[in-house]
Structure formats: structure tokens, C-alpha cells
Amino acid sequence: MNHRPQTLTTGRLTTAYYRAGEGNGRRLLLIHGNVSSGAFYLPLFDQLSQQFDVIAPDLRCFGGSSALPVDAVRGFRDWTEDLAEFTAALGWDRFALAGWSMGGCVAMQYAMDHGEQLTGLILINPGSPYGFGGTKGEDGVMLEPPGLASGGGCVNAQLVQSLLSGEREFLRATLNSVYFKPPFRMDSQWEERLIDEMLKTKVGDGMYPGDTRQVPQWPFVAAGDKGVCNTMAPNHSGLSALADAPVKPPVLWVRGDGDIMVSDTSLCDFGYLGQAGVVPGWPGAEVIPPQPMVAQTRAVLARYAANGGRFQEVVLSGGHGCHLESPVRFVEAVAAFVTKAE
């Protein structure tokens, strides 16, 4: 709890970050997920810093970093270009990169653009390489119109209102039922700290959650072109090209056995919610089936391996935040992977 954020200013933005283990030879950069910050890794810092020089930055629009807009048409590149300047300013030219949830998508894009820098790529319950929402089948066939059932318009309105108002109880419920697998809870000090970090999410034009388009097809929303959640729309993300990246660092794919957010039956996916009868008017599985997010990731990583890369899959006990729910096993898996990768 006693780690204090530092800041580093480049020509692009001011980045807030946490660092521990400086001086260790192995470097590990940790990228957080949506509606969170680098502080979501702090419960692991004492263990990780025994082996790594570890840094967890806040992405733009999150935590203490600059409240700058995100051009979703560029997918995740606003963030990866921020990170490229950040790591250059640190003097980091070789490091392992880990990303959780949306941060896993950012990490995949970074590997596609700067794979030569990475000793290893660690994906923790990452979003599907085909995008979050808006596709069907293991090969990620895009729904029509492109961006349907994805992006800023699919975000829970009560979550957005809670971020705007500072109301903590809905965020607490989200943390403990969506991020984590019940009955797991962090101790009370950490729980309050993580809610504090969620509340630092920048809500506004071009930031969180992003704009939306109204369309005549169920569920009547499609991704816009601005803001955080639209980066993950299938018509913008383009991460399935990871399988064909010219440089292929080894991949460790870590996922929780009880993840309900990134799942083949995701409670955040309109296809699954429609099939379950939660959202009325579902047009059926032929039109909008549940998105098989885990199967899509596995298929892309299998192609990655077939094209000369390699990946390892580790399943931990826990939900979307399995790195915090099973911290000992997570740190052991990361340390073993990085040692072998080097």
C-alpha cells in the first residue's frame, strides 16, 4: 500500500506510474485494464520486485495520467505510441510486457509494432483479438453492420453514472462480482484503494466510454469512432493480425477459470445476454450468437504458433482479476515463463 506514483512527461503526455525493484536485471512492464489503473498491480509488487524491475503505468484517461482523448479508429495505437515514448524515456529497450483485460489488447498491439523489444508477452484474461462484441465464430466473422453490438453504447449506464457521481457502492459491487469471482474479496484497505482508482477513470468526449451509433439492427447500437471502449470494437481493433506478426516473442496466456467478462458465455456480451433472455428482442443464434471470446483467442494463438511463435496457457483459480485472486501462482507462472523466454 505504500508505493507512491511517480510521473514522467514525454512529448505526448504525462504518465503516472508505479515502480519497484529498480536495479534488478529483468524488466517487466504491466498494463492495466479498463476502468482501473496501474495500482491494480500493486498488491503483487512486493513479490514481483524480488525478481523484476517492475513498472505499472496508468494509460491515458486512467489513474493519474493525462486526460487525453483516444482516437478509436486507430485501435489501441494511441496507447501503444504513448508507451513506446514512455519506455524510450526510461531507457528500456528490452523487457517483458504483461497486459490485463483491455491492457492485454494494448499489449498485443505493442507486440505487433515493437516485438523486437519484448522478451515475452503475458496476456492476462485479454480481450479477444477479434474485438469485444460484434463477431461470431472462432474465426471472428464480423456482424453487420461493422461494429454492431460493441463499443461505447454497450457500457452499463449505471457504471458511467457512478464514475461521474463518485457513488462507490455500484463500483464495489462491480469489483466483487465482475472483476473478481465471488466470494473472493480483497481486504478492506485494498478494496477501497481499488475503488478509488476506478473513480479516476476520465469520463467525457473522446475518453470513457466513447461515442455510439444508433442502427436499426438489434441491439440497435454500434461502435463510434472516439473513446476508450470503441478501441475494442471489431472494426477498429485488428489484433488477429498478431498471428502474422514478423517478430513473435513467446506468449504466456493466463486466464481465470471463473471469468465472466472475457468468456465464451460473457455477461458483457449482447449475444449471450440475448440468448439468456436478459435483453429482449434477440434475433437468434444465426444472427447474433454469443461471442466465443476464449475460443477466438485460442484460435489466434494457435495460428501464432503455427506461424513460428509459441504460447503457453495457464488457468488460474479466479475470475477476471485472477492475478489478484491467485497471486502466488500468478507470480510463479510469470517468473518461470520469463526465465525460460530469456
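Predicted model: local features only at pLDDT ≥ 70, side-chain atom pairs only at ≥ 80, totals over all residues.

Student: Why is cysteine 61 called buried?

Tutor: Set the value against the cut-off: buried means under 20% relative accessible area. Cysteine 61 has 0%, so it counts as buried. Asparagine 125, with 2%, is therefore buried too.

Student: And why does serine 237 count as buried?

Tutor: Its relative accessibility is 4%, and the cut-off is under 20%, so serine 237 is buried. Serine 237 belongs to helix α7. Leaving aside neighbours within four places in sequence, serine 237 is in contact with Phe76, Gln109, Pro129, Tyr130, Gly131, Thr231 and Met232.

Student: What makes cysteine 268 partly exposed?

Tutor: Its relative accessible area is 33%. Buried needs a value under 20% and exposed a value over 50%, so cysteine 268 falls in between and is called partly exposed. Cysteine 268 lies in the loop between β11 and α8. With neighbours within four places in sequence set aside, its contacts are Phe132, Ile260 and Met261.

Student: Back to α4, then. Which residues of α4 are buried?

Tutor: In α4, which spans residues 157–165, Leu159, Val160, Ser162 and Leu163 are buried.

Student: How do you know that they are on the same side of α4?

Tutor: Around the axis they cover an arc of only 160°, so they lie on the same side of α4. There is a handy rule behind this: an α-helix has 3.6 residues a turn, so residues three or four places apart point the same way. The face of α4 turned away from the buried side carries the exposed residues Ala157 and Leu164.

Student: What covers the buried residues of α4?

Tutor: The cover includes α5 and α6. Looking from α6, its own buried residues pack against β2, α4, α5 and α10. The buried residues of α6 are Trp190, Glu191, Arg193, Leu194, Ile195, Glu197 and Met198.

Student: What makes aspartate 187 a cap for α6?

Tutor: A side-chain oxygen of aspartate 187 lies 3.1 Å from the backbone nitrogen of glutamine 189, at the N-terminal end of α6. At the start of α4, a side-chain oxygen of asparagine 156 comes within 2.7 Å of the backbone nitrogen of glutamine 158.

Student: Where are there cis peptide bonds?

Tutor: One runs from proline 182 to proline 183, with omega near 10°. Proline 183 is in the loop between α5 and α6. A cis peptide bond also joins tyrosine 208 and proline 209, where omega is about -5°. Proline 209 is in the loop between α6 and β9.

Student: How much space lies in the largest pocket?

Tutor: About 730 Å³. Of the 32 residues that line the largest pocket, the closest to its centre are Val155, Asn156, Leu159, Met261 and Cys268. The largest share of the lining, 6 residues, comes from α5. By class, the lining of the pocket divides into 21 nonpolar, 10 polar and 1 charged.

Student: And what makes a cavity something else than a pocket?

Tutor: A pocket is an open set of points, whereas in a cavity the probe fits but cannot get out. The largest cavity here has a volume of about 40 Å³. Its lining is made up of Leu13, Thr15, Pro57, Asp58, Leu59, Arg60, Trp79, Asp82 and Leu83. Helix α2 gives the most to that lining, with 3 residues, and by class the lining has 5 nonpolar, 1 polar and 3 charged residues.

Technical notes: Residues numbered from 1 in each chain as written. Heavy atoms only, no water. 1 Å grid on protein atoms, 1.4 Å probe; cavity = no way out; pocket = protein on both sides within 12 Å on 5 of 7 lines; lining within 4 Å. Points joined across faces, edges and corners; volume = space filled by probe spheres on them. Helix = DSSP H or I, 4+ residues; strand = E, 2+ residues; numbered from the N terminus. Nonpolar A, V, L, I, M, F, W, Y, C, P; charged D, E, K, R; others polar. Buried < 20%, exposed > 50% of the residue type's maximum accessible area, 1.4 Å probe, protein only. Arc of directions from axis to C-beta. Contact = heavy atoms within 4.5 Å. Polar contact = N/O pair within 3.5 Å; in protein donor to acceptor, adjacent residues only side chain to side chain.
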